[in-house]
Structure formats: structure tokens, C-alpha cells
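Open your viewer and keep the sequence panel beside it. This tour tells you what to select next and what is there.

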Amino acid sequence: MTPSPSAPGSRVANRLGLSDRIFVGPRLRKLLTAIEDGLDRVETELSQDLRMTDRLADAASRYLLEAGGKRLRPMLVLLTAQLGDGTTDGVIDAAKALEMTHLGSLYHDDVMDSSDKRRGVPSAHQVWGNNIAILTGDLLFSRASQLMSKRGERAMQLQADTFERLVIGQMHETVGPEEGDDEIEFYLRVLADKTGSLIAAAAQCGIIFSNAPEEFEAAVVEFGEKVGVAFQLQDDVIDLSADPEQTGKVPGTDLRAGVMTMPYLLLAAAPDEASRALKSRIDAGVAEIAAGADPAILDAALEELRLHDVTTQTTALARRWSDEAVAALSVLPSGQVREALTRFADAVVDRSA
């Protein structure tokens with residue numbers, strides 16, 4: 001169903017958790033309809049493709065899919081595909097495969113971070129235990145590979161390369177920087193691998209599987225990687241002020257689990273005594289939580305961090321990466337797709353969930 005003229009983009013915006021500004025205005029209405037129709041098809045087929053004959057595997061595999069989600073990666077596949085032949089079967093398969101890959105990574109992330117909730121529901125490991133949650137993530141990666149294998153060797157290579165970067169990013173996040181590494185630069189590389197790589201692959205797949213001009217490929221890859229880093233930096237800000245009703249997460253979930261986010265890293269680099277004292281309180285709280293203390297012991301310190309200048313600085317850094325993502329689009333033709341991508345880059349920083 002095409003949205004009414006008074007609310008263009010609202011359905012896509014609601015699904016993405018972003019602003020209506022991405023597709024606002026009559027010039028983008030045709031593009032909007034193509035994206036919405038494609039997302040509807042992706043949603044329907046994902047539910048079908050993740051059905052398993054085994055009862056446990058079936059329930060676990062579709063658990064996070066049915067909990068909702070932004071479907072950001074399929075949206076980018078569909079959007080860049082409009083630079084070519086539009087929503088081909090290959091575009092749909094790639095969109096589904098990348099969303100499956102993303103979903104699979106969430107099962108693993110929640111185990112590693114000991115997250116209690118995801119998308120407003122108990123995390124999969126809370127329902128079935130760590131082993132089943134990890135194996136379910138593996139199942140989703142397998143289904144994603146099956147889909148990409150239908151599209152030839154290049155598709156399989158792209159899937160494998162992206163998955164490798166996801167794993168390496170997670171490994172580096174787990175072990176942390178080596179002695180002598182710049183912690184902020186190290187963290188940005190982790191974000192590029194864990195988040196930027198999959199978003200870049202989504203933008204790239206739209207070009208490849210719609211037969212769009214090859215000269216657009218490098219531009220959208222750079223766009224996707226940079227906007228992915230911007231997205232995750234803003235997530236670090238949102239993590240400190242999360243509304244459980246809106247995000248399904250407790251404020252400060254990442255820091256309570258010992259995941260050092262950008263506001264924390266900027267705090268660690270701050271020279272003033274008050275910042276050092278706050279960092280010490282956070283470090284002590286994280287250590288106590290790891291030893292079994294109530295995570296609520298960090299509530300006051302995390303609220304102080306939320307109001308600290310370093311959180312504003314993190315948003316400014318996210319904006320810089322977003323601006324660089326937009327600059328990468330200069331080789332694309334002026335028009336609806338470029339305009340929508342630009343608005344998307346702005347929206348990932350402006351969002352509050």
C-alpha cells in the first residue's frame with residue numbers, strides 16, 4: 001500500500017526507527033514505494049527462509065526476527081539497487097542474506113555481552129541457554145551463505161569477506177588494544193569491522209545485483225562503512241540514555257558488561273581530575289558487576305557520564321563520520337537515491353533509538 005501524501009515515508013521510518021525526513025516529499029514518493037514494497041517482500045521471505053523442520057531450531061531461528069528490528073541493511077540494499085535495474089531477485093536474496101548475517105551476530109553478541117534483553121524481549125540465551133543461542137547464530141550464518149551461493153562466486157566471496165571482518169572485529173573488541181595502540185583509533189577500527197563492514201556490504205550488494213554502473217560501487221562501499229561507524233558511535237550515546245520501553249535495553253548495558261564505548265574512551269583521555277575520578281568509579285563498578293554485584297551500582301556514575309561533555313563529543317564525532325559518508329557520494333548522479341542516502345546519513349546521528 002502506498003503511503004498517503006500526508007505521511008510519506010512513515011512506514012519505512014517506523015521500521016527503521018529513524019526520521020520521516022529520509023523519504024519526505026513528492027519527489028521521493030516513487031522511490032519510497034519501491035523500498036517499502038521490497039521491504040515487505042524481504043520480511044515475508046525471511047520468515048519463510050528461516051523456517052526449520054526441527055521444532056527447536058525453528059523457534060530459536062525466528063525468535064529475534066519476529067521481535068522486530070530496523071531492517072537497516074535490507075533497506076540500503078534496496079535503496080542503492082535503484083541506481084540500476086531496481087529490486088531484482090538477486091537484490092532480494094542479498095538483502096535477506098545480509099539481514100540473516102546481522103541477526104546471527106546478535107545471538108552471539110548477546111551471549112558474549114551477557115545481555116538480558118534484545119528488541120524488548122529476553123535474549124535468546126536467556127530463553128534457551130548459551131549453547132543453543134550460539135548454535136542458532138551459526139544456523140543463521142549457514143542460511144545466509146546458502147542464499148548467497150545462489151548468486152555465484154562473487155556473492156559468496158563478498159559474504160565470506162564480510163563475515164571474516166565481523167569475526168575479527170568481535171575478537172579485537174573482546175581482547176582489547178595491545179600495548180602502545182591508540183585506544184580511540186583501535187575502537188574506531190573495531191566499529192568499522194563489526195558494524196561498518198556489513199552496512200558497506202549492503203550498499204555494495206544493491207549495486208552488484210541490480211547491474212548498476214561499476215563506478216558507483218567504491219563510493220557506496222565507502223559510504224556504508226563510514227555511516228556504519230557513525231551509526232555505532234550514536235548507539236554509544238543512546239546506550240547511556242536508553243529508554244527500555246523504546247530500545248528494549250537498560251541504560252548503560254554495554255558499559256555494565258565491560259564494553260568500553262566511545263564516551264568512556266574520551267573520558268579516559270580527559271585531563272581533568274573530575275573526569276579521572278568518574279572513570280575510576282566506573283572501572284570499580286564494572287569490576288564489581290563482573291564479580292556478581294547488582295548492575296544498578298553503576299546507575300549514578302552512568303548518569304553522570306551521560307551528562308558529561310564526552311557524550312556530546314561522541315555525537316559530534318558521529319556527525320563527522322556521517323558527513324564524510326555523504327562526501328563519498330559525490331560520484332553518484334544527483335537524484336532521488338543520492339538525496340535519500342544523504343538524508344539517511346543525517347538521520348543515523350539524529351535518532352534517539
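**Salt bridges**

A search of the whole structure finds 26 salt bridges. A salt bridge here is a side-chain nitrogen of Lys or Arg within 4 Å of a carboxyl oxygen of Asp or Glu. This is a predicted model: local features need pLDDT of at least 70, side-chain atom pairs count only at pLDDT 80 or more, and totals for chains, interfaces and linings use all residues. Residues are numbered from 1 along each chain as its sequence is written, and side-chain values use heavy atoms, with hydrogens and water left out.

Select D109 and K194. Their closest N and O atoms are 3.9 Å apart, and they form a salt bridge. D109 is in helix α6 (residues 89-113) and K194 is in helix α10 (residues 183-208), so this pair ties together parts that are 85 residues apart in sequence. Helices (H or I, at least four residues) and strands (E, at least two) are DSSP runs, numbered from the N terminus. Are D109 and K194 buried or exposed? Both are buried. Buried means under 20% relative accessible area, exposed means over 50%, and partly exposed lies in between (1.4 Å probe, protein chains only).

Next, select R281 and E304. This salt bridge has its closest N and O atoms 2.7 Å apart. R281 sits in helix α15 (residues 273-290) and E304 in helix α16 (residues 299-306), so the pair ties together parts 23 residues apart in sequence. R281 is partly exposed, at 39% relative accessibility. E304 is partly exposed too, with a relative accessible area of 36%.

Now go to R320 and E324. They form a salt bridge, with the closest N and O atoms 3.7 Å apart. Both lie in helix α17 (residues 309-327), 4 residues apart, about one turn of the helix. R320 counts as partly exposed at 43% relative accessibility, and E324 counts as partly exposed at 30%.

Then select R41, E45, D49, D89, D93, K96, K150 and R151 together. Salt bridges that share partners join them into one network.

**Helix α2**

Select residues 29-49, which make up helix α2. The 21 residues should span 30 Å at 1.5 Å a residue, and the end C-alpha atoms are 30 Å apart, which agrees. The expected span is 1.5 Å times one less than the number of residues. Colour the buried residues of α2, among them L31, L32, I35, L39 and V42.

Stop at I35, in helix α2. I35 is buried, with a relative accessible area of 0%.

**The nonpolar core**

Which residues have the most contacts inside the largest nonpolar core? They are F223, L233, I282 and L305, in a core of 88 residues. Helix α10 gives the most to this core, with 12 residues. A nonpolar core is a set of buried Ala, Val, Leu, Ile, Met, Phe, Trp, Tyr and Cys residues joined through side-chain atoms within 4.5 Å.

Centre on I282. Leaving out residues up to four places away in sequence, I282 touches Y264, L267, L298, A301 and L305. Contact means heavy atoms within 4.5 Å.

Move to T311, in helix α17. T311 counts as buried at 6% relative accessibility. Apart from neighbours within four places in sequence, T311 is in contact with V237, L240, P263, L305 and R306.

**Two loop residues**

Most residues other than glycine have a negative phi. Select R71, in the loop between α4 (63-66) and α5 (72-81). Its phi is positive, near 55°. R71 is buried, with a relative accessible area of 3%.

Now select N211, in the loop between α10 and α11 (217-240). N211 has a positive phi of about 60° although it is not a glycine. N211 is exposed, with a relative accessible area of 58%.

**Zoom out**

Show the whole protein. There are 18 helices and 2 strands. Of the 353 residues, 53% count as buried. Among contacts between residues at least 6 apart in sequence, 71% join residues at least 24 apart.
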